[in-house]
Amino acid sequence: MGNDGDDGVLDRFLHAGAEGAPLARGRSETVRRDPALVALSEEHQHELAHASRLLRAAGARPEGRMAVASAYLDAFFSETVEHFRREEEILFPLYVRHAGSTPVLERILREHMELQGLVRSLRAGAAAGEITPEALRTLGNLLRDHVRLEECELFEAIERIVPAAELERVRL
């Protein structure tokens with residue numbers, strides 16, 4: 001895994017392997033992600049790659065925009081919807097039991113809904129044969145910022161406040 005070729009976002013979000021071993025986060029930083037969260041973090045890496053492609057495609061010709069939009073639509077409905085479900089039904093309730101509802105969690109839930117709405121609009125645009133650069137920019141920026149928020153704030157808070165034994169029992 002390495003740089004996504006755009007702004008190095010993926011380099012900053014490499015996560016621990018199955019045993020929690022540290023991997024490079026950036027040039028001088030390391031992240032040690034709890035094994036219970038590794039799968040979601042790896043999925044976040046894929047989402048960051050999609051965000052980067054969406055942002056790059058905003059400057060592409062219409063056929064390039066359509067190809068990238070179609071690829072993301074396929075990924076969203078086959079992977080991301082399930083990712084959101086596991087977060088919302090398993091991980092977030094665990095967090096709430098220990099921290100209560102927080103502004104960060106409320107924002108993340110709002111962003112899940114906003115991302116779903118943007119993807120549905122993108123799907124309508126694809127069906128009409130018109131993917132605008134702004135649609136790709138808006139979705140790509142929100143997706144990138146959303147993943148960063150989950151990784152840098154929520155997951156780190158979960159690792160701090162949820163007892164390790166309880167987190168270990170989680171099946172994500």
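Guide: The chain exposes about 8,600 Å², of which carbon and sulfur atoms supply 52% (Shrake-Rupley method, 1.4 Å probe; for residues, only the protein chains shown count as cover). This is a predicted model, where local features need pLDDT of at least 70, side-chain atom pairs count only at pLDDT 80 or more, and totals for chains, interfaces and linings use all residues. Residues are numbered from 1 along each chain as its sequence is written, and side-chain values use heavy atoms, with hydrogens and water left out.

Visitor: What makes up the secondary structure of the chain?

Guide: Six helices and two strands, in the order α-β-β-α-α-α-α-α along the sequence. Helices (H or I, at least four residues) and strands (E, at least two) are DSSP runs, numbered from the N terminus.

Visitor: Why is alanine 58 called buried?

Guide: Buried means under 20% relative accessible area, exposed over 50%, partly exposed in between (1.4 Å probe, protein chains only). Alanine 58 has 6% relative accessibility, so it counts as buried. Of the 172 residues of the chain, 44% are in the buried class.

Visitor: Where is alanine 58, and which residues does alanine 58 touch?

Guide: Alanine 58 lies in the loop between helix 2 (35-57) and helix 3. Not counting residues up to four places away in sequence, alanine 58 touches Arg65, Pro133, Leu136 and Arg137, contact meaning heavy atoms within 4.5 Å.

Visitor: Why is helix 2 called roughly antiparallel to helix 3?

Guide: The two pack at an angle of about 155°, with their axes 10 Å apart. Helix 2 is therefore roughly antiparallel to helix 3: angles under 35 degrees count as roughly parallel, over 145 as roughly antiparallel, 65 to 115 as roughly perpendicular and the rest as oblique. Axes are lines fitted to C-alpha atoms, for helices over the stretch in contact, and angles run from 0 to 180 degrees between N-to-C directions. By class, the contact of helix 2 with helix 3 has eight nonpolar, five polar and six charged residues. Ala, Val, Leu, Ile, Met, Phe, Trp, Tyr, Cys and Pro count as nonpolar, Asp, Glu, Lys and Arg as charged, and the others, Gly among them, as polar.

Visitor: What makes helix 3 roughly parallel to helix 5?

Guide: Helix 3 (residues 62-99) and helix 5 (residues 133-161) pack at about 25°, with axes 12 Å apart. Helix 3 is therefore roughly parallel to helix 5. The residues of this contact divide into 16 nonpolar, three polar and three charged.
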